Number of protein chains: 2
Amino acid sequence: MKKKQLSIVKIGGEILNKENSTDIFLKKFNALKGLKILVHGGGKQASTLANRMGIESKMINGRRITDSENLDIAIMVYGGLLNKKLVARLQATGCAAIGVSGADGNAVLANKRPPQPIDFGFAGDIEKVNSDFLKLLLEGGHTPVMCALSHDGKGQMLNTNADTIASETAIAMSSLYDTKLYYVFDKPGVLEDVDDESSVIRNMSEAIYQDLIASNQITDGMIPKLDNGYHALRHQVAQVYLGNVKMLTDAKIPSTRIRL
Amino acid sequence: MKKKQLSIVKIGGEILNKENSTDIFLKKFNALKGLKILVHGGGKQASTLANRMGIESKMINGRRITDSENLDIAIMVYGGLLNKKLVARLQATGCAAIGVSGADGNAVLANKRPPQPIDFGFAGDIEKVNSDFLKLLLEGGHTPVMCALSHDGKGQMLNTNADTIASETAIAMSSLYDTKLYYVFDKPGVLEDVDDESSVIRNMSEAIYQDLIASNQITDGMIPKLDNGYHALRHQVAQVYLGNVKMLTDAKIPSTRIRL
């Protein structure tokens, strides 16, 4: 039997910072046909709250260390503030959204990352995405809105990168649905020339990706999306795209489709 | 056809403040047979965060005013911190919990309270609890964990008293299930003598309640529970109890059953 289509859309927190960009996103997301799941980040908003509370954001090699106080910040900002406001906005536009952290419905089970060689604190490496639970919501007519939180099944919430939540969710859902994964950000795709937005690489093999990394042409924020994207393709996710919000509803808009 | 039983349990935030009382509560809640919904408050934790952020908690006549900053606090604490930690803890004990704010699945639709005579800010008066959505979760084997947040259907989150969320949810579910509503707090029930915990009023008519109010024997925090409880009884909720956590699993433990 032909599988139904499912779109998984990952957005960064920056889309939620400006009223205007949130509105544009919501319109495009709602116009997307068929079953869908939204995954959002929110690192900048978490840093803003941490600053306001006088809590230090600790980084090692550019990666965030999630101590107990910063985990609380993540739970409040990702699971509370951003998730609930986004769900309320989606509801207002006729999308039957439901917020889902990794603990809700045991949606994203993870293991706390081992403290060696670097202790990242309450960071979770995903063990299993609960496709049965997400299917229950989808088939009930709902749109799950997932955030960058997992749990360890022993009562502990954990922080997990939203790009990774998106790819692992896409992988888990691929046995049930014909799954497309979209990484939405502020560029129209991966650019050959970072200063020229018309230089979108429309089809990108892993060989091209490795060349671009070797020549330092890939920006830091793009690497997790691409690594997660190729990982998804290697695990039966049908299609993976990177680009701006316009790609969601118009196939003619340039974006980067990555391929193995 | 005989309706299935549903228990709706409302707890205050104070149960979640101490590890020990949380553990005891979780054990009792898990031992409760049949379908169930948990509703939690968290006013004290919200005040703690507001203090830490230097945000003033405004009150008029003992009632909280929810301005924009305090609404964000409520969303972060009720919908994020407390809800997700509670869901993770329940998951760890084998309860398939899922956190639900009023926006999630359009669970609790409310109207912003009119600004006259007192402007309570982003306070929501409930219009409708979405029993179909809660039924989908319950029949799918899940336990909804609701917090003190509603939404207006136009994109705005609102703050709604958790005692009221519990009673309106009980009313909405009563057409589908034989519903019991439990208000759990730190006393064994409504006491004839507030200094004597053995003076629990086991059966309390509304006439007795009015007498106790007239003679100033009811503490402030109890009044919303009792008002909401009688409101629930007048709208087909089968049974309403007030007492401590022990009443959930042992019918011999004294508690106050209210009756019309």
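Through which surface do the copies meet, and what share of the interface residues of chain A are also interface residues in chain B? The share is 100%, so the copies meet through the same surface.

The model is predicted: local features need pLDDT of at least 70, side-chain atom pairs count only at pLDDT 80 or more, and totals for chains, interfaces and linings use all residues. Residues are numbered from 1 along each chain as its sequence is written, and chains are lettered from A.

In the interface, 34 residues of chain A are in contact with 34 residues of chain B (contact: C-beta atoms, placed from the backbone, within 7 Å). Helix 3 (68–92), strand 5 (97–100) and strand 9 (149–151) of chain A each supply at least two residues of this side; helices (H or I, at least four residues) and strands (E, at least two) are DSSP runs numbered from the N terminus. Helix 3 of chain A gives the largest share, 14 residues. By type, the side of chain A that touches chain B has 14 nonpolar, 13 polar and seven charged residues (nonpolar: Ala, Val, Leu, Ile, Met, Phe, Trp, Tyr, Cys and Pro; charged: Asp, Glu, Lys and Arg; polar: the others, Gly among them).

Helix 5 of chain B (residues 162–173) has twelve buried residues out of twelve, so it is largely enclosed by the rest of the structure (buried: 20 or more other C-beta atoms within 10 Å of its own, C-beta atoms being placed from the backbone). Among them are Asp163(B) and Glu168(B).

Technical notes: Two residues are in contact if their C-beta atoms, placed from the backbone, lie within 7 Å. The expected span of a helix is 1.5 Å times one less than its number of residues.
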